[in-house]
Amino acid sequence: MRVRGVAALIGVLLVAACATATDTPPAAPARAKNVILFVGDGMGVATVVAARIFAGQARGENGEENSLSFEQFPNVALSKTYSADAQVADSASTMTAMMSGVKTKSYVLGVNSAANVGDCSSVVTASVPTLLEQAELRGLATGIVTTTRITHATPAATYAHTPHRNWEFDGTVPVDQRECADIARQLIEFDHGDGIDVVMGGGRALFLPPAGGGVRKDERDLIEAWRKRYPDGRVVTTGSELLIDEPGASKHLLALMAADHLHFEHDRVTAAADEPSLATMTERAIRQLALDPDGYFLMVEGGRIDHAHHLGNAYRALGDTVALADAVAAATRLTDARDTLIIVTADHSHTLTIGGYPKRGNPILGLAGDLDAAGRPFTTLSYANGPGAVAASDQQGIGSKRFPHQPTEFSPEPTARPDLSNVDTTDPNYLQEAMVPGDMETHGGEDVAVYALGPGADAIRGVIEQNAIYHVMRAAFGW
């Protein structure tokens with residue numbers, strides 16, 4: 001009798017559960033209305049781990065237990081980043097893989113591997129459509145947000161087709177290759193759909209003649225050309241202007257808020273630069289693009305993670321990684337996982353390593369607590385190569401000269417390991433030690449992580465080819 005009573009009770013509970021099943025949220029649709037691709041340029045797994053700890057410790061925690069916003073996404077995969085001709089690839093080939101679905105050669109954008117680097121004549125037959133172009137042709141709203149020049153490799157891969165990533169303005173295109181439009185011109189002359197709706201980043205000088213504070217050799221004012229093309233469009237040149245520019249006030253927005261790259265996040269804050277954070281730009285873009293009832297595609301790049309790594313400066317690389325995570329958090333708050341696919345990944349890695357045996361909660365930028373064979377301490381974070389392979393007494397000086405601006409030429413001489421006992425390795429300008437000296441640190445070739453949330457996210461699992469990310473986004477749209 002007792003068994004039957006329990007069985008009966010279970011039956012009642014099951015009936016009650018079924019009766020309330022309609023109150024549960026509906027399953028995510030098979031297709032996405034919107035797709036947002038976040039790219040942390042150079043954001044390898046070691047960078048994510050170090051940034052996770054860095055962010056946690058900034059709040060007074062140990063840091064190891066912390067999670068960045070995108071680390072909470074349910075779907076994760078590893079992406080193989082090699083290119084058609086390189087074991088360790090550059091941003092042009094890797095972003096082309098994600099935006100156009102093909103592995104291609106290093107240095108080229110928006111073309112397949114049949115193109116020859118620096119050969120304009122090979123572009124016509126080798127060009128491949130980008131997901132942003134396809135979205136425009138299908139009537140969706142589109143946007144590009146970056147902390148680099150808008151003509152830099154990663155953002156340019158969404159709209160440009162060129163045999164060399166460095167052809168950002170006409171002065172960089174060889175005279176015998178001028179039949180190819182430079183990347184800045186390609187953005188302004190973009191002719192798919194009704195044009196890219198939201199463009200935010202730096203690189204304003206590449207669109208202006210010298211008389212207007214620019215560098216163009218053809219004396220053209222491409223910003224004025226954009227205004228003529230979109231009479232109702234808005235041009236923004238500072239963060240203050242962006243904050244007061246209402247979403248929907250115009251369909252098209254061109255925000256070029258620095259002559260060159262935007263500041264690193266650390267320098268943006270400390271120098272009180274009139275530039276918006278990546279999270280602010282992302283939120284502004286989403287609010288405008290979401291006004292389109294047909295949906296949208298948005299690419300957001302944390303581009304200066306890569307630049308800080310090249311300089312051997314982990315502090316700024318981690319700060320910009322946290323800024324990207326904040327932007328992802330903003331996007332997650334503003335969107336619905338039932339109709340918006342969000343993918344967060346990197347184009348490639350760097351040579352940053354996390355080593356030694358530091359204790360739990362040890363400052364991620366501090367000394368590891370171990371000693372080398374000569375009895376000298378070393379840091380938890382280091383690089384395999386780069387400008388940090390110099391004596392500690394020189395490091396602070398080099399760092400202070402290099403930031404927040406681009407580095408000058410620097411050729412370190414190999415030296416014995418310095419004694420870091422009295423060096424503040426947590427200083428924002430400190431350059432982490434490197435094993436092999438060089439003017440610039442290089443990319444790393446290991447797989448990078450891919451995080452996904454929303455319709456189609458279940459395809460992000462296992463170890464995938466990098467160009468598969470394009471096909472996942474396209475399938476999510478139902479194309």
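Pockets, cavities and exposure in a predicted chain

Author: The secondary structure of this chain comes to 15 helices and 17 strands, where helices (H or I, at least four residues) and strands (E, at least two) are DSSP runs numbered from the N terminus. The model is predicted, with local features needing pLDDT of at least 70 and side-chain atom pairs pLDDT 80 or more, while totals for chains, interfaces and linings use all residues. Residues are numbered from 1 along each chain as its sequence is written, and side-chain values use heavy atoms, leaving out hydrogens and water.

Reader: Why is Y107 called partly exposed?

Author: Buried means under 20% relative accessible area, exposed means over 50%, and partly exposed is in between (1.4 Å probe, protein chains only). Y107 has 43% relative accessibility, so it counts as partly exposed. Y107 is found in the loop between α3 (91–100) and α4 (123–126), and has a positive phi of about 85° although it is not a glycine.

Reader: What makes E219 count as exposed?

Author: The relative accessibility of E219 is 52%, and therefore E219 counts as exposed. E219 is placed in the loop between β4 (198–202) and α8 (222–229), and its phi is also positive, at about 65°, although it is not a glycine. Of the 479 residues in the chain, buried residues make up 56%.

Reader: What makes a space a cavity, and what makes it a pocket?

Author: On a 1 Å grid over the protein atoms alone, a cavity is a set of points where a 1.4 Å probe fits but cannot get out, whereas a pocket is an open set with protein on both sides within 12 Å along at least five of seven lines; lining residues have an atom within 4 Å of a point. Grid points are joined across faces, edges and corners, and a volume is the space filled by probe spheres set on the points. The largest pocket has a volume of about 420 Å³, and among its 21 lining residues H152, R165, D306, H307 and H310 lie nearest its centre.

Reader: How do you know which class the residues lining the second largest cavity belong to?

Author: Ala, Val, Leu, Ile, Met, Phe, Trp, Tyr, Cys and Pro count as nonpolar, Asp, Glu, Lys and Arg as charged, and the others, Gly among them, as polar. This lining includes L187, F190, G195 and W226, and by class it has eight nonpolar, one polar and no charged residues.
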